[in-house]
Amino acid sequence: MADDLSTEYEDIVLGTGLQESILAAALARIGRRVLHFDRNKYYSGEWASFHLQGILDWVDSHKEQQEPTPGGDAVPGVSHEDLEEGLKLLAVPAELSTVFNLKTTCYIRDAPEEEAIPEVAHPPEIVITEQNQGTQGTAGQSGSEQIPPDGDTDSLSSREASAAAGLDEDSTRQGSEEESSPEQQSHSTESDTPGIPSNSVCGSDGPSSPLDPSPSQTNAATGGSVQTIPKLSDDGASGSNDLDDPQSGNVQSISSGSEDQPGTNTTSNVPPSNEPTGSPAAEGARTLGGEEQREVMEQGEVENDPENGGGEDSGQASQEGVVEGQDDGHGSDDAAEAVRRREWTWKEIRDQWRRFNIDLAPKLMFCRGSMVSILVQSRISRYTEFKAVSRLLTLIDDKLEHVPCSRSDVFSSRYVSMLEKRMLMKLIEFVLHYQERADDYEEFKDRSFSEFLQKRKLTPTLQHFVIHSIAMVTADTPTEESLEAMQFFLKSLGRYGNTAFLWTLYGSGELPQCFCRMSAVFGGIYMLRTTAKSLIVNSEQNKCEGIIDSEGRRLTCSNVIMDHSYTVSTGQEQACTRFVSRAVLFTDKTLKESEGDEITFLTIPPDNPGEQPIRLLEVGSSACASPKGMFVVHLTRTCRHTDPEADLMPAIKRLFQDLDADLDCTNEKPKVLWTMFFSYQDKTDLTVEELRSGQPSGVYVTGGPGASVGFQHAVKQAQEIFELICPGEEFLPPAPNPEDIIYEDPSGDNPGHSKAGFEDSPEEVQSTAASDQEVSSTADDTPSDNIQQNLLEDHHKPEEEAQSKTETAALQPTTTTDIQ
């Protein structure tokens, strides 16, 4: 297919980041011929989202990446001599990494530790004498079930003694069935949670080895005389190993008599032993006989008597209850939380690699932002799904608190006093219409926002909420800029529920792919693992007239749009002075417990003046970002250096457990399982003209993702470049509905349709005139114009109608939504 590739295009785009993908879709939508390259084997570039194996491959590729190598004369098949007079080649970097100081660390074991296999000792012999024959009857055996005396049994093993005693086949079969009960064996050797190793539940003492001499195995060797099996009762609440009280001394005795004999009590009412299998106490319990066994059994009955504080409600918990996080009977929520926490291993995480979606540059969409507007306008929103960011937190005095930002949040907040609620509501009402009350902030227009809030006598708590979590600025940001940011946030509330943000399911890297799909629908051509080696430049006019691709093909075009990593070095480009520090964490629990799995956005204020805040985003399984029971945490911060670990580690230590220590189940903070730190260039503060400084005419450069919360800068940059290329054209007009598209019939069987699109035959014009008359603006419009006009009217309704429609569709925090 590459051999048949056309060599003439209007626009060639290098890189599949968000700005480049938006421009490719907008240009293809108005009918321009677009060719879209990416040097990577994946879409989205610096905006990409990966599953776990993909992110590990991305890490490896950047660690092994060498210094950029120029193209130009080295391109096979094309050289300066092959070009016409007046043309020259400018080399494009083949591989230019904008990622710095990439580092990953795993803080958990690679795989569950295997238990050592102990040496199995020969089971002890049980000596049956005339003295203790009657005693065995008190343990639940009738006199007819007792072993008759035999002078040779003292010298025989237990199995031989049973045979000598003449046990019937039914008795032997019953003992075999008891010792091979799946319920008994699995309860003593396995965890009750599928997929979790038996040693991976916090608070357990670890499982016994499967080769330990269990009571059932001992009973098999002794003919079934005495058996101590930790067996669950019918209600599953007792009868298992008690991890809290190993000295309870309970013994369960199971007779080997026939179950067909009337009045036979095959199992005593004494709970099973709580001693670990293989312990001295357990070994002693197996060899008890006569008066010793009776004393132990009577002691167990007293301990389990409800009147003496025993029984099933005395604090004993089954192993099944521990694994599943059931209440242990003590009424301690902390203890219950401790036993519920799973101790992950790297092997278990790697086994679920497909369930991860890890963003390189996670972003949120403001519900009234420009990204939502173009998604709705162009109908690209149908290519993906979204979920509300249901929880907004802030860090005050090392405690996480909910941010009251809407009217309902303000009046339901317990952290804010009644007086503070009134002050905050007055500020919100002022900010929503601050343009109409310029006199109230005129003197603070160019002064810091904190001074303006102090003038309004807001308390330090309210100032913290407003500056860092609602306006999302710093204390020294100018007042007018802060009021604009706060108003934008407040107006985003209520459109899709009680939230100002939407999250793209499967990650922000889905959005560039959505625009690429739109471009491909309208004729855009895409090629991965392909790039430009050189730009073909007219020396006299300093204008780009095409490229030489990585396969040596010469492609002509009018414009080249490229990501900043493709920028040709001319010595006149703007130097990057800002960087973004990024951290990605895997954690075993959420930062703040809640009823459901929520998407959490947290702002951590800077410690020193002049520094930028840290934005934290926590996503879990409901956001299609991680397996169930695990969370992916993103930390982002703008800085002037390229040391992300030094920049973000203080915040990580404040919010999570000690990274180098083992899991502490009594600590309510999450445990970090894996980390990745890296930095990348931030050129979002540069204008379009500054980005293309020094480049030939016809070359446009985009600035990458940056560190902003939303997509406003990316959409604005794409719109500015589109206006320079196609002045006066509509930016991303609505795409037609599939049922309204009329395709060309290449077979010639339908001569009425000579062209693809909206042009109808005269017969169709006449047959549809009656139906079109109801929606046509004038009687003279052609049917194709009527269809196009109706499609535009559907997405250009009056603002009041569109706003009322969207505000009535409330979005539930735990459900996904389609943007309308």
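**Labels and their cut-offs**

Analyst: Start with Ser44, in the loop between β2 (34–38) and β3 (49–50). The model is predicted: local features need pLDDT of at least 70, side-chain atom pairs count only at pLDDT 80 or more, and totals for chains, interfaces and linings use all residues. Residues are numbered from 1 along each chain as its sequence is written, and side-chain values use heavy atoms, with hydrogens and water left out.

User: Why is Ser44 called buried?

Analyst: Buried means under 20% relative accessible area, exposed over 50%, and partly exposed in between, with a 1.4 Å probe and protein chains only. Ser44 has a relative accessible area of 1%, so it is buried. Its phi is positive, about 85°, although Ser44 is not a glycine.

User: What makes Arg379 buried?

Analyst: Its relative accessible area is 8%, so Arg379 counts as buried. Arg379 lies in the loop between α13 (370–378) and β8 (386–388). Phi of Arg379 is near 65°, a positive value in a residue other than glycine.

User: Why is α17 called roughly perpendicular to α18?

Analyst: Helix α17 (residues 460–470) and helix α18 (residues 479–492) pack at an angle of about 80°, with axes 10 Å apart. That makes α17 roughly perpendicular to α18. The cut-offs: under 35 degrees is roughly parallel, over 145 roughly antiparallel, 65 to 115 roughly perpendicular, and the rest oblique.

User: Which residues of α17 and α18 meet?

Analyst: Val466, Ser469 and Ile470 in α17 meet Met486, Phe489 and Leu490 in α18. Contact means heavy atoms within 4.5 Å. The residues of this contact divide into five nonpolar, one polar and no charged. Ala, Val, Leu, Ile, Met, Phe, Trp, Tyr, Cys and Pro count as nonpolar; Asp, Glu, Lys and Arg as charged; the others, Gly among them, as polar.

User: What makes a space a cavity or a pocket?

Analyst: On a 1 Å grid over the protein atoms alone, a cavity is a set of points where a 1.4 Å probe fits but cannot get out. A pocket is an open set with protein on both sides within 12 Å along at least five of seven lines. Lining residues have an atom within 4 Å of a point.

User: How many cavities does the search find?

Analyst: The whole structure has four cavities of 30 Å³ or more. The largest cavity holds about 150 Å³ of space. Its lining has nine nonpolar, four polar and three charged residues.

User: What lies in the largest pocket?

Analyst: About 1,500 Å³ of space. Of its 43 lining residues, the closest to the centre are Met472, Glu481, Ser708, Val709 and His713.

Terms used:
Axes are lines fitted to C-alpha atoms, for helices over the stretch in contact, and angles run from 0 to 180 degrees between N-to-C directions. Helices (H or I, at least four residues) and strands (E, at least two) are DSSP runs, numbered from the N terminus. Grid points are joined across faces, edges and corners, and a volume is the space filled by probe spheres set on the points.
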